[in-house]
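Hi everyone, and thanks for coming. I'd like to walk you through a structure that may be new to you, so please have a look at it on the screen.

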Amino acid sequence: MICMADNISQIDKLLNPAQLAAVTYCDGPSVIVAGAGSGKTRVLTYKIAYLIAQGFPASSILALTFTNKAANEMKERIMQIVGEKYTRYLWAGTFHSVFLRILRQEVDAIGFLPDFTIYDTQDSKSLVKSIVKDMKLDEKIYSASAVFNRISAMKNRLIASDDYRADSDMNRDDYHRGWQYFSEIFAAYCTRCRQANAMDFDDILLHTYLLLKNNPDILAKYRNRFAFILVDEYQDTNIAQHRIINLLAKEHRRISVVGDDAQSIYSFRGANIDNILSFQKNFEGCRIFKLEENYRSTQNIVDAANSLIAKNRFQIPKRVYSNLPKGDKIKVLSCFTDRNEAEVIADEIKSAAADRDAHYSDIAVLYRTNAQSRALEDALRNDNIPYRIYGGLSFYSRKEIKDVLAYMRLVINHLDAESLRRIINYPARTIGDKTVAKLIDLSSKHRISPLDCIFDIDNIPNDFNAGTRTKLKKFGELISNLTEVYRSSDAYSTANAIITASGIMEELSSNDDIENVSRRENIHELLNAIHEYCEQKKSLGEDNPSLSEFLSEVSLLTDQDTDRDGQRDCVTLMTIHSAKGLEFAYVFVAGIEEDLLPSSMCQTEYEIEEERRLLYVAITRAKRRCFLSYSKTRFRWGNVCYCSPSRFLSDIDEQYLDMPQAFAQYPDEAPSFERGGSSFPSFVPPHNIFKKASLPHVASTELPTTGNLRPLGEAVNNGGNVKFDFSVGDSVTHAVFGRGTVIELINDGSNSKARVDFDSSGQKTLLLKYSKLVKN
DNA sequence: GTAAGAAAAATTTTT
DNA sequence: TTTTTCTTAC
């Protein structure tokens with residue numbers, strides 16, 4: 001208590017005037033615009049500590065973040081300021097975890113059963129896939145990712161499947177782009193989720209919104225419970241999150257949001273930068289605090305980043321500055337190939353580690369796409385530089401882990417058809433596709449879950465043969481036995497029973513392939529995690545920590561949260577997106593090239609601005625030194641691509657850049673030009689010859705009406721669509737298939753396809769943007 | 001019904 | 001280059 005008072009009384013010495021003002025203003029809504037490196041987390045944590053000191057019980061403060069890591073860090077730091085007993089009941093977590101907690105509490109009001117399952121993206125996509133298959137639609141046109149992404153985008157805008165079906169505009173658009181069955185798939189998806197007593201990530205937000213909107217008493221309860229609401233990274237909120245916050249805060253208006261519009265990089269996932277840009281309008285009388293002093297980076301780095309972001313048209317005016325030393329200029333590295341780029345970076349890392357006594361853990365290499373990591377990994381491994389790579393497959397999405405989790409889910413939630421499908425024949429029980437299809441059929445005919453069909457197989461008319469029926473019954477028995485264990489013991493015992501009784505351990509012990517060994521290790525690691533979880537819960541006084549709670553928490557964890565050896569001294573490799581919120585003394589940003597950063601997918605001004613913010617985020621991760629590299633050529637899906645430096649490079653004021661010497665010619669003898677024995681072609685075409693030659697841009701006036709899928713309300717596509725210069729009947733040549741005749745064109749913006757009848761290999765449908773089809 | 005091998009297609013970012 | 005899908009032989 002004394003400790004707490006002490007810490008808080010010192011507050012004016014620990015914060016600068018802007019930070020202090022932002023922390024101590026608690027009488028109404030406020031938005032804190034926090035420039036990169038301006039002590040945003042500090043303000044947030046001190047603000048919470050201050051609120052507690054002002055007499056707000058911790059249990060009445062709601063603090064929302066985007067990652068578990070951010071939430072945990074925040075809790076940790078508040079604990080250090082005010083002590084554990086004040087923070088124990090703080091509602092601090094991610095949007096998803098806090099709202100999931102509320103949904104589980106109010107489960108009756110949303111029409112789900114307790115212990116509903118959370119589907120991750122993989123589960124969701126595989127559900128979409130099976131629906132498309134059941135509806136006998138073309139899986140190429142209705143690809144699981146495209147369909148799921150659109151479903152997700154709709155839910156993030158709070159458009160449920162019924163609303164969608166009722167919207168004639170959207171249905172008409174779908175019809176025109178050959179997606180007339182989308183609304184039906186959407187509806188089926190929602191039905192199947194409900195039948196399975198399952199929710200996906202987006203449903204957590206959607207159902208929270210509907211719960212609060214449709215139940216005034218419940219809304220009142222949570223309005224009272226959360227007397228003060230704080231939101232981190234507000235520029236990344238989507239419409240659903242924004243509206244939920246509004247419901248909770250509109251009445252008492254004790255809300256404070258923190259964010260930086262210049263660091264909004266998640267619009268592809270529904271983040272709506274307008275949420276922060278218009279926050280003041282939304283909450284009348286809202287005060288705005290700007291944190292403009294950057295404590296992280298040298299002046300050169302801050303100034304360079306400023307000169308870059310100044311090229312964006314839409315932003316909140318602010319002047320970020322640094323009082324640290326000027327520092328070195330940003331070094332631009334010009335390279336020949338992606339391999340060469342990786343080697344150059346590895347060399348710079350070595351000299352940084354040697355000359356400037358930096359630890360490897362002070363160094364990060366950032367890139368736009370995960371595919372770029374391979375070359376970098378190779379080079380670092382070659383030079384014996386230890387590294388740790390983030391992204392890729394997270395622990396909880398590994399096959400063996402998902403298999404075990406699927407058993408757990410099915411045991412907990414017998415309605416979960418997706419999990420059942422995953423494991424009914426794993427380990428192999430000779431229950432094949434045919435049987436599963438029949439079972440699913442039976443289940444929808446009788447309106448009971450597939451597992452209940454199995455339990456009741458003797459009483460339901462069916463055409464399974466005796467052998468199949470026995471196998472199904474045996475599987476049913478396995479699940480009901482495990483369910484008994486689940487009901488009578490704790491999470492760890494249940495997990496143990498699952499991996500032995502299911503035969504998974506036996507399966508993985510059949511041989512000692514390196515793959516199998518690592519799978520066994522992973523499963524043991526999962527068991528350890530469960531054990532740890534149980535012990536922790538028990539120490540908090542819970543006597544029977546259930547597997548269901550564990551699963552619920554685990555379903556919202558991501559890669560970064562499960563980092564188990566963060567201590568080692570090694571270089572960090574990650575995408576720019578995942579670097580947000582982090583800082584490193586040395587930052588390398590690789591692949592500063594057109595079609596990579598900005599990505600080739602970007603067409604509109606609006607999208608280009610987001611890519612520019614992405615580079616802004618990357619540069620502002622650096623504390624002392626920043627390097628930007630680009631390569632003249634790059635291996636992409638097996639062949640050489642010629643690249644030109646990113647336009648963003650010329651957006652940065654050159655006084656902050658240390659540019660490489662101008663290029664002479666491609667050195668014929670450059671050793672790193674060789675890959676797999678084949679040397680470079682002697683003919684070097686100018687950049688993007690294929691694109692420029694055959695794909696002229698269409699002027700905005702003749703924009704085709706069948707553009708990319710773009711939800712209403714987002715930026716209009718002003719002229720970026722690409723027209724392909726082919727017509728039916730054209731004679732064309734393909735690098736692999738040879739000569740052919742165009743027999744059909746499918747115009748779908750950048751995903752346009754052509755159906756071509758090849759002389760030698762028959763008809764094929766080709767994506768024009770990749771196929772490099774040439775008109776004869 | 002399964003597993004291995006061949007052929008074809010696909011590449012942005014992920015709470 | 002890697003991943004996914006299709007084919008074929010057990």
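Let's begin where two helices touch: Val404, Tyr407 and Met408 in α21 meet Ala495, Ile498 and Ile499 in α26. By class, this contact has six nonpolar residues, with no polar and no charged ones. Before going on, please keep in mind that what you see is a predicted model.

How do we talk about such a pair? Two packed helices are described by the angle between their axes and by the distance between those axes. Here, helix α21 covers residues 399-412 and helix α26 covers residues 491-501, and their axes come within 10 Å, crossing at roughly 115 degrees. Angles of 65 to 115 degrees count as roughly perpendicular, and α21 and α26 are therefore roughly perpendicular to each other. The crossing of α21 and α26 is right-handed.

Let me step back for a moment to the whole chain. Chain A has 776 residues, and 39% of them count as buried. Its secondary structure comes to 34 helices and 24 strands. If we take contacts in chain A between residues at least 6 apart in sequence, 74% of them join residues at least 24 apart.

Now, please find the sheet. In what order do its six strands lie? Reading across, the order is β3-β2-β6-β7-β1-β8, in an open sheet with parallel pairing. The edges are held by β3 (91-94) and β8 (287-291); each has a single partner strand, so one side of each is left without a neighbour in the sheet. From one strand to the next, the twist averages 15 degrees.

If you want a spot to look at, Leu64 has Gly93 in β3 as its bridge partner. Helix α7, residues 95-105, packs on the sheet here, touching β2 and β3, and its direction makes about 120 degrees with that of β3.

One last stop: strand β11. Which strands does β11 pair with? One of them is β16, residues 622-631, which runs parallel to β11 and is joined to it by five bridges. There, Ser334 stands opposite Tyr630 in β16. Another is β19, residues 657-658, which pairs with β11 (residues 330-335) in the parallel sense over two bridges. In that pairing, Lys331 has Asp658 in β19 as its bridge partner.

That's my tour, and I'm happy to take questions!

How values were computed
Residues are numbered from 1 along each chain as its sequence is written. Chains are lettered from A and ligands numbered from 1 in the order in which they are written. This is a predicted model: local features need pLDDT of at least 70, side-chain atom pairs count only at pLDDT 80 or more; totals for chains, interfaces and linings use all residues. Two strands pair if DSSP finds at least two bridges between them. Helices (H or I, at least four residues) and strands (E, at least two) are DSSP runs, numbered from the N terminus. Axes are lines fitted to C-alpha atoms, for helices over the stretch in contact, and angles run from 0 to 180 degrees between N-to-C directions. Two residues are in contact if their C-beta atoms, placed from the backbone, lie within 7 Å. Angles under 35 degrees count as roughly parallel, over 145 as roughly antiparallel, 65 to 115 as roughly perpendicular and the rest as oblique. A crossing is left-handed if the near helix is turned anticlockwise from the far one by less than a right angle, and right-handed if clockwise. Ala, Val, Leu, Ile, Met, Phe, Trp, Tyr, Cys and Pro count as nonpolar, Asp, Glu, Lys and Arg as charged, and the others, Gly among them, as polar. A residue is buried if 20 or more other C-beta atoms lie within 10 Å of its own, exposed if 12 or fewer, and partly exposed in between; C-beta atoms are placed from the backbone.
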